[in-house]
Amino acid sequence: MNSERTEIEKRMMSGDTEEQKPKWLRVMDLQTPVRFSETVQSALDSVADPEDPFNKPDFCAISYINHLFPSEPSLGHVGQVMADVQRQIDQVDQEISDILEKQSVAQLDSEALLEQTKQAMRELFGRIMDIKRQTDMSETTVKEITRDIRQLDLAKKNLTASITTLNHLHMLVSGLESLESFVKTKNFRDISNLLPGIQNVLEHFSQYMTVPQIKALSDQVNSIRIELADLTTTEFKRYFSGGFKKASGQQQSVPIEDVCLVLSVLDRTVREGLISWLIDQQLAEYKILFDDTQDDAWLDKIDLRFSWFRDCLIEFERKHAALLPAEWDVACKFAAEFFHLTASMLDQVMEKRCVELDAKLVLFAVQRAANFEALMARRFPGRAQTLFQSVLVGRFQKRMSIYTASLDKTLTDLIDQLVAKFQQLGPPSAEYGTSAVPIPTSSDLFVFYKKSIQQLLQLGMNANILVDLSRLFKKYLHEYAQRCLTGLLPKIASAHTTTTAGLLQSFLKEGDMPRLSNDEIYLVCCVLITAEFCAETSHQLQEKLKEKAGDLALHEAFDFTNEREMFHGVVSSCVQVLVQDLETACEPALQTMTKMQWANVDTVGDESRYVASIRQHLRQCVVRIRDCLGQARKYFMQFCFRFVNAFVPKFINAILRCRPVSVTGAEQLLLDTHALKTELVNLPVLESAAGRKPPEAFTKLVIKGMTKAEMILKLVMAPVDPDPGTFVEHYINFLPESDVVEFQKILDMKSVRKNEQTAIMDIFREKKAALDSKNDLNADRGGVANDAALSSGDNSSLDSRIRKLEKLVKKRF
């Protein structure tokens, strides 16, 4: 047995070809598992135990045999194992046979069930067809029934329409008979009640107008309406003929109230024609009384027109308001016609007597017309917008050029009065306080502007007149600025329009130049404050005009930008006057500085007298101006900036004119320069108790300007010999923006001989040209960075002098 198993395993594991293997071994590959599709495998798992080794997808016969016979002794049970396997095979065969048998029986049952289903469907189809045939028969029966009903309904509808039409026809015929009898007897009250009904009944026959009898009845109604229109017109005119004053005493055959009732139901054109006739009757007297040939027709008596109409309207309403129906609104139409007639008559009389028109007369008439329009608007509320507004006032619109011409003259007189008032009262006095205030007459012009605008708006004028008014306002803002502001400034500015040389000559010949007094300084500050006030008020005036102009708000006439810039120019002129006055005060001190013998100074002492003089003028003038401009600090700072920009170049120019200067003299000038720099830095806060610090921008401006002066003096202290090239390099580093003229002046200060200056200036031009080809150096950085270079090398004596001077400056300041 063992030998057989061994032989089997050898053959299974050997590499024999397929022809050399036994037939049963070639048929079954025991090592390759049998694989089924997922669908088949799922079906097998549903009918067989998936845990059975034979049912697993990865079943391997060799592995299973090795599992059953793990060793040679186990081969002794081969017979039993074979019997169990055979039993399982038989069991599976039996199950397969049972399943096949059941499947055959189930197939037979399915065919029988399918046949039964088909039979049932045939029966159902037959029943449905029977129901459809019955439904068709029912529908036919219903149609026959409803056809008869519809015929009956149509007959009923026609019969009802016939009866209604016959009733309307009867009403129309009988109504026409009654109406004809009422017309013959002039029974207008019954006519007013019957005629609307006849008209309504006749509207029902509008589709039967092709019928001759109906057409004849319609023509008969129209004929009666025409006859009634003639009768009512006759009666109405008979009653109101000759005006209501006469009509009130006449005897009327029929009540006028009944006549008006009939007119209310007749055509609107008949009624409106009679109302127009009645109004013309009432206005006939007015046309005669106020014809353009009459004195009362002129504008100075325009109130008589309105008084006449007011009395006439009151009398008309008193006697006839109860007679005329309220829905006719005769009183309102009377007023509207009076407005249009009056507007036309005013046009004629103004055209005829245009040479007699003047602004006062036109304005008077416009005011009275506007008041009367407002009165009528209150009397007839809700309709004023369309009937009365600007009907009369609008007729004066094209005549307003007379008003603007008069306003032009009035403004000219006003400017003259303001100038005369200032000359009479004099400038504002400082006794009311140190802070400057606007000139008392400054608001008069704007108050006049405000009243002019309010006056025109109250008169109901349109926005076009505001365009002309705005242009006029601009014109006199310029007049006010030149005559009432710029004209008030002291004439010190004219002294500074000359050249510097001429100014110096005037100082030498005449001594001190005229200075501004405290009152004049106060006046200049008041003019400045007034100009600022005018600039702000001009902007408010611009916004007010744009608000009232409506759709014309973007018109160029309402742009006051140029006028505001003009007033800002006046502010700038005031600041310049103050700056020039302070410059004039400091000029003698600078002259004194240039006349000193700086070459003979042998010791450095206290600051020079000219520095004390400049300090005194600065403190007196600046403190005064700061107090006057306490409410306008921005302009005070503008004054400080401008003064520094003007004074520092003059001071530097004065230094350059001080020649010759010794080293000791240069040290004294450097001490004076530092003292002035300290004074200028504190210029905005001189003698101020507020504890403020000067603005940083102002401090930088002063330091930048005065640093140049210090650099010049340090260069004057520096030796030229033995190496002029080194001196020139130091000069260019200290003053990179300097030119040949300024360089020559510094050489003159150092007493360099003319023949030596030529060579030095050639070196300067050469090095300056080389520097210009490079990037410019910052002046401040160059001055600080090269200060040590100037005091190094062969300049040990200069170094000690400068340090000693700096210690002296620190000690004193």
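## Aromatic pairs

Phenylalanine 446 has a relative accessible area of 9% and is therefore buried (buried means under 20%, exposed over 50% and partly exposed in between, with a 1.4 Å probe and protein chains only). The model is predicted, so local features need pLDDT of at least 70 and side-chain atom pairs count only at pLDDT 80 or more, while totals for chains, interfaces and linings use all residues. Residues are numbered from 1 along each chain as its sequence is written, and side-chain values use heavy atoms, leaving out hydrogens and water.

Rings of Phe, Tyr and Trp (its six-membered ring) pair if their centres lie within 6.5 Å; planes under 30 degrees apart count as stacked, over 60 as edge-to-face and the rest as tilted. This rule gives 25 aromatic pairs. In one of them, tyrosine 239 and phenylalanine 240 have ring centres 4.8 Å apart and planes at 80°, so the pair is edge-to-face. Phenylalanine 240 counts as buried because its relative accessibility is 0%.

The rings of phenylalanine 446 and phenylalanine 533 are also edge-to-face, because their planes stand at 85°, with centres 6.0 Å apart. Phenylalanine 446 belongs to helix 16 (residues 442-458) and phenylalanine 533 to helix 19, so the pair ties together parts 87 residues apart in sequence. Helices are DSSP runs (H or I, at least four residues), numbered from the N terminus. Phenylalanine 533 is partly exposed, with a relative accessible area of 28%.

## Charges over rings

Arginine 353 lies over the face of tryptophan 298, 4.3 Å from the ring centre (CZ of Arg or NZ of Lys must be within 6 Å of the ring centre and within 35 degrees of the ring normal). Lysine 474 lies over the face of phenylalanine 560, at 5.4 Å from the ring centre.

Definitions and conventions: Helix = DSSP H or I, 4+ residues; strand = E, 2+ residues; numbered from the N terminus.
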